[in-house]
Amino acid sequence: MKYEKRILIDLDGVLNEYGKDKYNEYFIPKIKSGAKNFIKSLSEDAELYLFTTRNLMLSTKWLIENNIDKYFKDVTNIKISSYLYIDDRTVCFKGDYEKTLKDIKNFKVYWKE
Ligand SMILES: [Mg+2]
């Protein structure tokens, strides 16, 4: 294995301009500013997987169109064992259930603010 760390990265809201237009299952919004450099840097130390609920072929096509497919090992909709998961809709559990309940209650995706 080339890398010690594997990282799964969400597509909608992390790598693209999700949330600005109405959701369309056949169209993936444009790449977010800075996403390419982010992915490039991250790929130097970790094996990257695009982790999405979207159609896998459509997602792969989006990676190719944005010229970032070379930084990804694969596209998956399965939560495979990983060092980290990067997502815009997540609460990080740090061992405290009470805090986690509060975090869930107060959760807001950044792109809706
Ligand atoms: Mg997302």
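**View 1. The largest nonpolar core of this predicted model has 19 residues.** Ile9, Leu15, Leu48 and Phe72 have the most contacts inside this core, a nonpolar core being a set of buried Ala, Val, Leu, Ile, Met, Phe, Trp, Tyr and Cys residues joined through side-chain atoms within 4.5 Å, where buried means under 20% relative accessible area, exposed over 50% and partly exposed in between (1.4 Å probe, protein chains only). Two or more residues each come from β1 (5-10), α1 (35-43), β2 (46-51), α2 (56-65) and β3 (72-76), with helices (H or I, at least four residues) and strands (E, at least two) taken as DSSP runs numbered from the N terminus. Residues are numbered from 1 along each chain as its sequence is written. Because the model is predicted, local features need pLDDT of at least 70 and side-chain atom pairs count only at pLDDT 80 or more, while totals for chains, interfaces and linings use all residues, and side-chain values use heavy atoms, without hydrogens and water.

**View 2. The magnesium ion is coordinated by Asp10 (OD), Asp12 (O) and Asp88 (OD).** These donors, meaning N, O and S atoms within 2.8 Å of the metal (3.2 Å for Na, K and Ca), with water not among the atoms, so that sites may look incomplete, lie at 2.0 to 2.2 Å. Aspartate 10 and aspartate 12 are both buried.

**View 3. The buried residues of α1 are Ala35, Ile39, Leu42 and Ser43.** Seen down the axis of α1, these residues fall within an arc of 95°, so they line one face of the helix, the arc being that of the directions from the helix axis to the C-beta atoms.
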